[in-house]
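These entries record what I looked up in a predicted model. I went through selected side chains and their surroundings in turn.

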Amino acid sequence: MARLAFLISLVATTLQAQSPPCMAEEFLDLSGAPGAGPEYPRPKIEASCEGDRLVVRSNGIPHYEFVQVTPNPLREQNNEYRIPANPRVADAPTPIGLLGTIGVAVNGIAIFGPNEGPVPAEEQFGDPVYNSIMDACMGHTANEYHYHALVQRCLSFGVKDGDPSPVIGFGFDGFPIYGPWGCLDAECTEVVRHRSSWEKVREPHQDAWDAYDYVAKDGPEYLDACNGHMGPEGDYHYHATESWPYILGCYAGEPALAPPRGRRPPAVSQAGPEPRGRPRPGGATGGRARRPGRGPGPGGARPAGEEVQAAAEALGKDEATMARALRVEPGSVKPVNLAASARALGVDPAQLIEALGRTPPPPRRRQNLAPPGEPECFFRCGQSEEDAIGCTLTPDHKVICFRPCDDNKCG
């Protein structure tokens, strides 16, 4: 028995030595942060490793001044994320969800993909960064405050541009998300600003995934389709970039199934401030945030080959055109969106759903939306121009901008 116990202990010690260190320490200590404002709850976050999962619990309140840029108020959440602690690169990438959470930032705020939801109509599933509906830290509110892009200075303390970036978030496949700057060798003798390899093919006001294509590029600064790469020490990770897809273009690893959402805490006692930015009907997603493993999103399940063939025959299209419109052509990592596919094909969404042999979804409930207000100055940061002067945080975490607003005369 003693020998058996010794062998078990030896194996456990060996496995522990081979396992990468828990990355819970990458999450911020928010105890001294000023928070969103005196009328909001204090930000809360806990991160720990439990078995093979990195567990993050947060209330979804930002640790810096909240600036409202959509009609949706800031509400406290009860979020729990269980992320693989030992991620591995999968045989093939997995598309991220069209809507909802795809990761978590180091301050406990949810990370969404690079597109909006189905409202407003003129910007259905458009690029929210391009459409200038984000605050200075690339966040805004829908059902919860979340990011569509990541700004390093909002999620790290004292790190300068040009220095190797810290971890500022994690994808749901467990791989860390670093800021834009990375080392080219293990000794870090050379640092580069990493760049996305996705190219804009048209204006992304609407159906943003059809406005960008991945084109592989040479050069150590360019990232793969998922917006990541294998680092000089053999570790795969993502980088936040100035241009699309900003955070993740797909999952390089196996995304974890999310647990059921916790019960939302009681609403805060005082209402949030009136919108200071340009109100947008429906705000961010226009619907409940979806978690991985919760079934198909608004685009439905990924069409199989026989569905593509049947739909092409029914609508009088060739299969290649149909596959591209449905975003299932070989090598595609774009999430399915049947509404966008129908627009690309020039048919009614009901026709496409019928051609695919699927059941139409139930009608969406109308929302009580805030009436549009007079346009005011809003923040437009994180643009791709390297010399653009954007926004930043003061030492006491208040948002300031150093350039006039782009689309009006406020400034």
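Entry 1. I looked up the side chain of Asn 107 and found that it forms a polar contact of 3.0 Å with the side chain of Tyr 147. The side chain of Asn 107 also reaches the backbone nitrogen of Ile 109, at 3.3 Å. I placed Asn 107 in the loop between strand S5 (101–105) and strand S6 (110–112). Asn 107 counts as buried because its relative accessibility is 2%, under the 20% limit. Setting aside residues up to four places away in sequence, I listed what Asn 107 touches: Leu 28, Leu 30, Ile 45, His 63, Tyr 64, Tyr 147 and Leu 155.

Entry 2. I turned to Val 333, which sits in the loop between helix H3 (319–325) and helix H4 (338–345). With a relative accessibility of 7%, Val 333 is likewise classed as buried. Beyond its neighbours within four places in sequence, Val 333 has contacts that include Trp 198, Ala 225, Gly 249 and Cys 250. Pro 93 and Pro 95 are also among the contacts of Val 333.

Entry 3. I then examined H4. At its start, a side-chain oxygen of Asn 337 comes within 3.2 Å of the backbone nitrogen of Ala 339. I noted Leu 338, Ala 340, Ser 341, Ala 342 and Leu 345 as buried in H4. The buried residues of H4 pack against H3 and helix H5 (349–355). After H4 comes Gly 346, with a positive phi near 75 degrees.

Key. Residues are numbered from 1 along each chain as its sequence is written. This is a predicted model: local features need pLDDT of at least 70, side-chain atom pairs count only at pLDDT 80 or more; totals for chains, interfaces and linings use all residues. Side-chain values use heavy atoms; hydrogens and water are left out. Helices (H or I, at least four residues) and strands (E, at least two) are DSSP runs, numbered from the N terminus. Buried means under 20% relative accessible area, exposed over 50%, partly exposed in between (1.4 Å probe, protein chains only). Contact means heavy atoms within 4.5 Å. A polar contact is a pair of N or O atoms within 3.5 Å; within protein, one must be able to donate a hydrogen and the other to accept it, and residues adjacent in sequence count only if both atoms are side-chain atoms.
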